[in-house]
Amino acid sequence: MSAHNRGTELDLSWISKIQVNHPAVLRRAEQIQARRTVKKEWQAAWLLKAVTFIDLTTLSGDDTSSNIQRLCYKAKYPIREDLLKALNMYDKGITTAAVCVYPARVCDAVKALKAAGCNIPVASVATGFPAGQTHLKTRLEEIRLAVEDGATEIDVVINRSLVLTGQWEALYDEIRQFRKACGEAHLKTILATGELGSLTNVYKASMIAMMAGSDFIKTSTGKETVNATFPVAIVMLRAIRDFFWKTGNKIGFKPAGGIRSAKDSLAWLSLVKEELGNEWLKPELFRIGASTLLSDIERQVSNNLCLWNKLTRVFEKGIEKSN
């Protein structure tokens, strides 16, 4: 991960001037969704790149130490060995960016990854995930306990009521306390954008989170009715860009919730590339929160490989006939 965002002083004059052009954002989102993705061997390359951005996640009530162990094994070996060898990518160290679990499962994940001999980061959700409606003291203690158990990334949820009622100073102060409780762990702030009421609120909450010291801003918990969407992503990415222009600090972006297909992942990579540039296309600044996405990516890599081999055989047969 990159260096911590130490944050800036709260600038309410900046927040008060913000007004998002909703129709323009929707038009931009439609353009992204209508665009063709990369094809053939380029698609395989992009899909392997997407794997390295995944925070491989399990946040279920029936999580056990054994399925955490399986999750960590999959994080280390996300794509089948035979596929990687066929693509000449077996020795490239392709893993997921992190594993993401509940605080009570951090120890299991740390132990499993250590046994597997890899240093993939362990991310823990915290602060009363997913609703964020527990007492602040409890939420802060949950962060500290997860860090003590070995989590190096903390995905916190904000108190949405502070956004809905325009209590920006209170939101800033709360996230500042989250930042302090994280210590050396990286802070990823979940905005739960589907519950913020407007795109203007999404931009304001994004900016407050970055001012308060968030290393990443994240769309959703994955538990809301509406999770990661392109309109909210565009607003968040432009807030990241504006914050960078104003402060020189690069903040990461993490869409999460509902990203299940390989095609979806390609669209998200394209969006980040176009809005922020290639500098953001690295795990230090871009993550995808997902639990089922990896299976479809592996399937599509296999399909692309079969297509590529088929085209090669057709080409070779054509040469043989021409001799």
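Hi everyone, let's start with Lys 218, which is buried at a relative accessible area of 4%; buried here means under 20% relative accessible area, using a 1.4 Å probe and protein chains only. Before going on, a word on the model: it is predicted, local features need pLDDT of at least 70, side-chain atom pairs count only at pLDDT 80 or more, and totals for chains, interfaces and linings use all residues. Residues are numbered from 1 along each chain as its sequence is written, and side-chain values use heavy atoms, with hydrogens and water left out.

Back to our lysine. Lys 218 sits in strand β6, residues 216-218 (strands are DSSP runs of E, at least two residues, numbered from the N terminus). Setting aside neighbours within four places in sequence, its contacts include Asp 155, Met 236 and Lys 254, where contact means heavy atoms within 4.5 Å.

Now, that partner. Lys 254 belongs to strand β7, residues 252-254, and is buried too, at 0% relative accessibility. Beyond four places in sequence, Lys 254 touches, among others, Asp 55, Asp 155 and Arg 287.

Which residues does UniProt list for "active site"? The unreviewed entry gives Lys 218 and Lys 254, though such annotations may be inferred rather than shown by experiment. They are spread over 37 residues of sequence, yet cluster in space, with a largest C-alpha distance of 4.5 Å. Both Lys 218 and Lys 254 are in the lining of the largest pocket.

A pocket, on a 1 Å grid over the protein atoms alone, is an open set of points where a 1.4 Å probe fits, with protein on both sides within 12 Å along at least five of seven lines; lining residues have an atom within 4 Å of a point. This pocket is lined by 20 residues, with Thr 57, Gly 222, Gly 257, Ala 290 and Ser 291 nearest its centre. Thanks, everyone!

Definitions and conventions. Helices (H or I, at least four residues) and strands (E, at least two) are DSSP runs, numbered from the N terminus. Buried means under 20% relative accessible area, exposed over 50%, partly exposed in between (1.4 Å probe, protein chains only).
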